[in-house]
Amino acid sequence: MGEHTVSTVHDEREILAFTQALLNDLRALERLIGSGQFDSGPRRLGAEQEMFLVDATGRPLPCAPELLAHAADGRLTTEIGRFNLEANLTPRVIGNGCLRAMHAEVQDVVAAAQRAAISCGARVVLAGILPTLRRSDLGLANLSPNPRYAELNQAALHLRGGAFHVHIDGPDPLELTHDNVMLEACCTSFQAHVQVTPAEFARFYNHAQLITAPVLAAAANSPVLLGHRLWDETRIALFQSSVDERHAMRQQREHPPRVSFGDAWVEESVLEIFRDQVLRFRHIFTRAIEDDSLAALDRGEFPALSALKVHNGSVWRWNRACFGLSDGRPHLRIELRALPAGPSIADEIANVAFFLGLLYALTNASSDQHPAMSFDDCRANFFHAARHGLYALLEWPGAGRRMASELIDRILLPMAAEGLRAAGISEGEAYLSIIRDR
């Protein structure tokens with residue numbers, strides 16, 4: 001999850017202190033991985049549910065602060081827009097019943113949001129992009145009243161040196177210039193988190209990269225933005241532009257965007273991702289760090305790596321590496337950020353089931369650190385899937401180039417079913433049937 005507690009101070013001493021804390025966190029993470037003290041118990045599955053709030057006509061209704069006060073549900077929190085909400089779900093051990101339990105909790109938390117929404121004359125909608133949005137909804141008056149979002153807006157505009165430019169091809173191409181980060185509020189997702197150990201991270205992460213394209217092809221539900229028909233999953237193109245702080249010169253020099261699929265397989269360790277992010281991207285958030293992570297390790301304690309988490313919350317890989325503490329023990333997660341919210345809760349759980357089944361099947365079948373294909377082809381698959389959905393042509397190891405619908409139906413669904421059985425998830429086939437019906 002994004003770190004919401006950030007500093008609004010831009011004092012040079014605090015910036016230097018945060019930079020030092022960030023470097024110390026990298027060193028502490030390296031020591032932690034070397035010590036073998038990460039949680040190595042059963043793998044867990046978690047998720048974040050993002051939502052839109054709309055009025056009786058289906059138009060966005062900016063009432064999230066009032067709704068949260070009325071709901072008083074600790075699972076619900078803000079997102080960037082006043083017409084957005086986020087819910088953080090309970091992590092569950094991967095095994096029999098985990099998907100059903102997640103389904104039931106999503107139903108419960110969405111129902112809780114819906115009950116609170118009634119007090120504001122609102123209702124909850126699950127969709128990757130709300131098709132009724134207008135440019136007039138995307139002003140700073142609808143920015144969520146949380147310092148994190150104001151800081152993001154200010155920092156991105158400062159680094160970019162001007163407004164954001166969006167150009168998306170499609171049947172009705174869209175080109176616009178916008179003067180704030182509220183374009184991000186057009187996008188909501190269902191983000192799954194899979195816990196892994198440091199030793200297996202590279203293999204699991206690389207295979208997660210491989211399977212994201214076909215899962216996204218089957219999940220796409222966001223073809224319309226501001227009245228324009230664009231990509232099958234327009235969120236991918238829009239989000240990459242909505243927080244792109246690079247000015248034209250940095251883009252010409254091929255400086256990487258903060259929203260990306262990455263540019264190489266991970267060879268050995270999660271450290272490769274975190275080091276790359278610290279090296280390439282200036283921190284746009286800071287925070288007062290109370291305890292030195294290296295000193296905490298010397299005392300025999302597990303550090304929270306707060307500076308690293310703040311920085312990681314400002315770099316949006318479509319598959320993001322996450323560090324956390326659970327029951328006092330450090331753990332790693334892979335956060336799948338590419339899948340849209342909705343259109344129903346059952347659809348969302350089916351997408352996760354498809355992803356999880358493929359991940360288990362591929363990582364159980366191979367001890368190789370990365371798939372037998374080029375990373376460039378893997379990344380191209382991702383954008384083909386976002387543009388064309390089930391009609392995308394995708395490369396697949398051992399199968400060549402196939403249309404996504406054929407690849408999924410003939411090869412990947414049987415593979416996912418096998419993976420879910422290996423994970424002990426007996427309810428998996430019922431959710432995969434939803435993918436098959438699509």
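**The aromatic part**

Modeller: Both F261 and F375 are buried (under 20% relative accessible area with a 1.4 Å probe, protein chains only; exposed is over 50%, partly exposed in between). This is a predicted model, in which local features need pLDDT of at least 70 and side-chain atom pairs count only at pLDDT 80 or more, while totals for chains, interfaces and linings use all residues. Residues are numbered from 1 along each chain as its sequence is written, and side-chain values use heavy atoms, with hydrogens and water left out.

A search of the whole structure finds nine aromatic pairs (ring centres within 6.5 Å, the six-membered ring for Trp; planes under 30 degrees apart are stacked, over 60 edge-to-face, the rest tilted). One of the pairs joins F261 and F375, which are tilted, with 5.9 Å from centre to centre and 35° between the planes. This pair links distant parts of the chain: F261 is in the loop between β11 (259-260) and α8 (271-280), F375 is in helix α12 (residues 375-388), and 114 residues separate them (helices are DSSP runs of H or I with at least four residues, strands runs of E with at least two, numbered from the N terminus).

The ring of F261 also pairs with that of F382; their centres are 4.8 Å apart and their planes at 25°, so this pair is stacked. Because F261 lies in the loop between β11 and α8 and F382 in helix α12, the pair ties together parts that are 121 residues apart in sequence. F261 and F382 are both buried.

Another loop, between β10 (228-229) and α6 (234-242), holds E233. E233 is buried, with a relative accessible area of 0%. Its side chain reaches the backbone nitrogen of N221 at 2.8 Å. Leaving aside residues up to four places away in sequence, E233 touches L216, A219, A220, N221, S222, P340 and A386 (contact means heavy atoms within 4.5 Å).

T19, by comparison, lies in helix α1 (residues 12-35). T19 is partly exposed, at a relative accessible area of 27%. In sequence T19 and A307 are 288 residues apart, but in space their C-alpha atoms are 8.2 Å apart.

Finally, a helix pair. L99, M102, H103, V106, Q107 and V110 in α3 meet I345, A346, E348, I349, V352 and A353 in α11.

Methods:
Polar contact = N/O pair within 3.5 Å; in protein donor to acceptor, adjacent residues only side chain to side chain.
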